[in-house]
Structures are given as C-alpha cells and as structure tokens.
Amino acid sequence: MTALTLSTAAAPGLRADAIVVGVAKGSASKSGDLVVAPGAEAVDHAYDGRLAGLLETLGASGAEGELTKLPAPAGFKAPLVVAVGLGAEPGEDAGYDTEALRRAAGVAARALAGSKKAAFALPVEDSGAVGAIAEGVLLGAYAFDAYKEGDAKAKNGKAPLGEAALLGGKPRDAAHKDALARAVAVAEELNRARDLVNTPPNDLTPEAFAAVAQAAAKEHGIKVQVLDDKALTKGGYGGILGVGGGSEAKPRLVKLSYTHPEADKHLAFVGKGITYDSGGISLKPAGHNETMKCDMAGAAAVFAAVVAAARIGLKVNVTGWLALAENMPSGSAVRPGDVLRMFSGKTVEVLNTDAEGRLVLADALWAASAEEPDAIVDVATLTGAMMLALGSRTFGVMANDDAFRTALHEAAEEVGEPAWPMPLPEHLRKGMDSSVADIANMGERMGGGLVAGLFLREFVADGITWAHLDIAGPAFNEGGAFGYTPKGGTGTAVRTLVRLAELTAAGELG
Ligand code: BES
Ligand code: MN
Ligand code: ZN
C-alpha cells in the first residue's frame with residue numbers, strides 16, 4: 001500500500017513525480033471565480049500568483065472530482081502539478097468539508113497510479129483534515145490485480161502510487177500523528193475487505209475466508225473461534241447449515257472477540273458472508289448472478305471493522321460474527337418448501353432459497369444475542385429491493401430503536417458513507433406468516449428490504465438494541481471508479497462501524 005508521511009517540506013525543493021493542489025469554486029462574495037485552496041500558496045507563488053488563472057484557461061471549474069494537470073513552475077524539482085476540484089469554497093469561518101478532501105485526495109491518488117511519489121498540498125486545517133486526506137489517498141490508490149498475469153498485467157496494471165507526503169501535516173503533533181495512524185489502520189483493513197469482496201468465489205470459500213480471519217486475529221491479538229460444519233450441526237445452527245447445504249464448500253461461523261481491559265461497553269457486529277449467491281434451487285437467471293461474489297461484503301466489513309478497532313486500540317469490546325456459506329443448488333441443497341429449525345429454536349419455512357442472507361444472519365444474530373451486548377449491528381447485501389429504493393451508493397439503516405438508527409445514520413454521514421433511515425412497518429410482518437412453520441423467509445414483494453429487516457428482528461433477543469444495514473447497493477461498484485471508490489468491492493460500512501465503536505468507546509452513545 002501507498003506509504004504516507006507528514007511533511008513540513010516546502011513544495012519547490014520536493015523530489016516527487018507530482019504536487020497535488022486543491023481548487024474550489026469561489027464563494028459568491030468572491031464572484032464565483034476559481035480559487036486555489038490553502039496549502040498551495042508556495043505553488044501559486046511560483047506561478048507568480050497566476051495558478052487560478054492558468055487553471056481556468058485549461059477549463060478547470062473547481063467542481064468535485066475534476067482533475068487538471070499542468071507543468072510545474074520553473075525551479076520546481078517535481079515536473080507536474082495536479083489540481084483537484086474541491087467543490088464550493090467554504091464560507092468565512094468554515095473549513096473544507098472532510099469528505100470533499102477525502103474524495104479529492106482519492107481522485108488524485110488514482111490518477112497518479114504508476115507514479116513513485118507525490119506530495120499533497122491540500123488544505124490541512126486540523127487533524128480531521130489530515131485523517132481525511134490520508135484515507136482518501138490510501139483508498140483511492142487501491143488496485144486489485146491479484147488475478148492479472150503477463151500481458152494483461154503489463155497493459156492494465158499500473159502499480160498504485162508508491163509514496164505520498166502530506167504537506168502541512170505536522171510530524172511532531174500528537175493529534176496529527178494519531179489521525180494518520182487511525183487512517184492507515186482503517187484504510188488498510190478496508191482495502192483488505194475490498195480484496196475479499198473482489199476475490200473470486202472459487203478461491204474465497206467459507207473455509208478460506210475463515211482462514212484469513214484466523215490469521216488476522218492472531219496477528220492483532222483478537223480471540224477467534226471458528227465453528228465448522230460439524231460444530232454447526234452439533235450446535236443446531238439450522239439456518240447456516242440449510243443455506244450452506246447445497247455447496248461442496250462447507251459453511252463456517254466465525255467469532256472474533258476484541259476486548260479492551262478498561263472497556264465498559266460491548267458491541268456486536270454481524271456480517272452476511274455468502275461467498276457466492278447463485279440463488280440455490282430458486283436459481284438466479286443470467287444477468288443477476290455475475291457479481292454475486294459480493295454477497296459476503298457484510299462479513300468483510302465486519303471483519304475489517306473489528307481488526308481496525310483492535311489496531312486503534314479502542315476502549316470498547318467488539319465481537320464480530322461472520323456467517324459464511326455458499327448458496328448453491330444441488331441434491332443436498334435446501335428446497336423451497338423445506339422447514340429449517342434455526343439456532344434460536346424457531347422454525348422457518350423456506351419459500352425462496354434466494355432469500356438466504358436472512359437465514360444465515362438469523363443464526364448469527366441469535367448467537368450474538370446470547371452474550372447480551374449493549375447493541376448489535378448487522379451488515380448485509382440483503383435485498384435487491386433496497387437497491388431499487390436507494391440506488392447504488394446509499395445503504396439503508398433499520399433498527400428496533402429510533403435513537404440508535406439515528407446514531408448510525410449520523411455516524412455514516414460523518415465518515416462520508418451515504419446512508420438513509422428506513423422504517424420497519426409492522427403491517428408487513430403478517431406477509432411472512434407460514435402455514436407450517438413459525439415464519440416464512442419471504443413476505444410481500446413490495447417493500448422487500450423492510451420485510452427482510454422485519455424477519456431479522458425476530459432473531460434478536462428481547463431487550464437488545466439492534467440495527468441493520470442493507471448495503472446491497474453500495475457494496476459493489478459496477479460502474480467506473482469515482483472519488484476514492486474503485487470499481488468492484490467498495491468496503492462500504494467499515495468506516496461507519498469503526499466510527500460507532502469510537503463513539504461508544506468515548507461514552508458518546510447510550
Ligand atoms: N444477495 C441478494 C441481494 C442482492 C441483490 C445483493 C443485488 C446485491 C445486489 C439476496 O440474497 C437476494 O437474492 N435477495 C432476494 C430476496 C427475495 C428472494 C425475497 C432479492 O432481493 O431479490
Ligand atoms: Mn439470494
Ligand atoms: Zn444473497
């Protein structure tokens with residue numbers, strides 16, 4: 001991954017392939033002209049104060065995501081200046097929005113693939129900006145080329161930006177150093193979550209995923225327990241076994257326990273980890289199964305968040321539950337019409353084997369409930385319906401507690417992950433009434449994302465605060481890269497979970 005340093009160096013003498021500067025649309029009082037953002041004064045000075053004018057000549061507007069390259073001024077060691085748009089200039093007393101900085105840094109880092117070193121001369125007003133720029137660089141520089149060989153690798157595979165110096169960052173300031181270390185921990189784990197999502201399902205089986213979790217847990221002092229299919233059978237995990245029954249690759253339930261000796265709160269994160277979702281006997285048609293390796297993105301996010309919390313050393317206990325199974329059709333697969341006896345003891349009539357996520361999550365939610373954590377958050381690529389409702393960049397937040405739902409929504413917005421609250425309308429529950437079992441795994445088609453949420457709610461023990469993040473939209477980017485988000489696995493929800501853990505550790509939550 002890109003190496004990051006805080007640097008007090010001056011731009012002109014820097015040995016680098018490029019210097020990144022920020023440009024914004026001037027606020028109305030300044031007649032809407034392009035403005036060079038703070039941090040780039042030395043660069044602008046070397047152009048005799050004409051940088052904004054030069055960029056305007058080149059067609060720059062300061063819009064978010066915009067990138068303009070120009071030759072560096074005479075006397076600079078670096079040959080290139082890269083200007084990235086930051087959107088509207090903030091008002092008098094406000095600083096640049098952290099998400100605008102994160103995105104701009106990401107755009108620049110992505111454009112600088114193939115370069116060895118770049119200096120980032122973006123506005124650094126406080127440690128929040130340091131963290132945001134660092135995250136943007138590390139997330140934007142991400143590339144997944146593990147499966148490209150020979151010619152394909154040479155053609156497409158420019159190596160990620162090697163090194164980034166954050167100018168204006170103070171290497172001796174504790175807050176700046178902490179912000180950088182936090183950003184590195186979160187971004188490295190988030191990028192690992194992306195790797196897991198992008199890894200093809202013939203290689204990332206439940207067993208392989210569990211092995212990755214075991215190795216990481218060992219490295220970071222996290223306790224780990226893996227239930228294999230034998231242990232799941234013995235324990236009565238009917239949901240996970242039912243879903244995983246059709247595959248040669250047997251299911252696993254992984255429990256990761258990060259504990260801090262002074263913690264007084266306990267969070268449980270539960271992730272849907274369907275390593276491939278073919279739909280099972282209710283097989284998905286072509287056109288709907290090509291990206292279904294992403295159906296373990298919830299488990300990947302939970303895994304990344306627990307490891308990041310451990311690396312940062314948060315004063316809160318966090319347990320991660322990864323419900324891992326492959327949903328395949330075969331002679332041993334669960335059938336539409338089967339009844340499963342779940343870990344909670346409830347029975348479920350499986351009407352559609354493609355509604356499998358809620359079945360594995362139900363067992364993991366019940367297992368998480370047994371430890372009586374202060375709150376449970378599950379993360380899942382659960383429904384196409386949520387994607388229809390919110391599009392491909394926003395995840396839905398449902399909860400059995402209004403304040404907790406709001407807290408999650410706010411945490412998500414704060415870290416730059418678009419999210420939106422969704423209801424759990426009681427009237428949709430009766431659509432899941434079954435004539436043979438306690439509940440069916442399908443209900444009304446309309447509001448399918450909410451129906452799935454209502455199903456999950458039944459497997460959270462009474463009295464436990466719970467929220468559900470349906471990340472089916474933003475988990476996998478089928479379009480082009482934007483901001484710091486690459487094509488493919490995005491790592492969505494990792495930063496929201498880490499933020500929630502931080503707020504809980506700081507006692508700023510319930
Ligand atoms: N994994 C899918 C949901 C999904 C769809 C995730 C598109 C990402 C992109 C889930 O298991 C599923 O198949 N859900 C069904 C539920 C239905 C059968 C009740 C759906 O949404 O169609
Ligand atoms: Mn499915
Ligand atoms: Zn699924």
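Biologist: What makes one face of strand β4 covered and the other uncovered?

Modeller: In this predicted model, T68 and L70 lie on the covered face of β4 (residues 67-71), while L67, K69 and P71 form the uncovered one. Strands here are DSSP runs of E with at least two residues, and helices are runs of H or I with at least four, numbered from the N terminus. In a regular strand the side chains alternate between the two faces of the sheet.

Biologist: How do you know that β4 and β5 pair?

Modeller: Two strands pair if DSSP finds at least two bridges between them. β4 and β5 (residues 80-88) have five, in the antiparallel sense, so they pass that test. In β5, V84 stands opposite L67.

Biologist: Why is strand β9 called largely enclosed?

Modeller: Buried means under 20% relative accessible area, exposed over 50%, and partly exposed in between, with a 1.4 Å probe and protein chains only. Seven of the seven residues of β9 (residues 252-258) are buried, so the rest of the structure largely encloses this strand. Its covered faces hold R252, V254, L256 and Y258 on one side, and L253, K255 and S257 on the other. β9 runs antiparallel to β8 (residues 223-227), with five bridges, and antiparallel to β11, with seven.

Biologist: What makes R335 and D338 a polar contact?

Modeller: A polar contact is a pair of N or O atoms within 3.5 Å; within protein, one must be able to donate a hydrogen and the other to accept it, and sequence neighbours count only if both atoms are side-chain atoms. The backbone nitrogen of R335 lies 2.8 Å from a polar side-chain atom of D338, so the pair qualifies.

Biologist: How should I read the numbering and the cut-offs?

Modeller: Residues count from 1 along each chain as its sequence is written, with chains lettered from A and ligands numbered from 1 in the order written. Local features need pLDDT of at least 70, side-chain atom pairs count only at pLDDT 80 or more, totals for chains, interfaces and linings use all residues, and side-chain values use heavy atoms, leaving out hydrogens and water.
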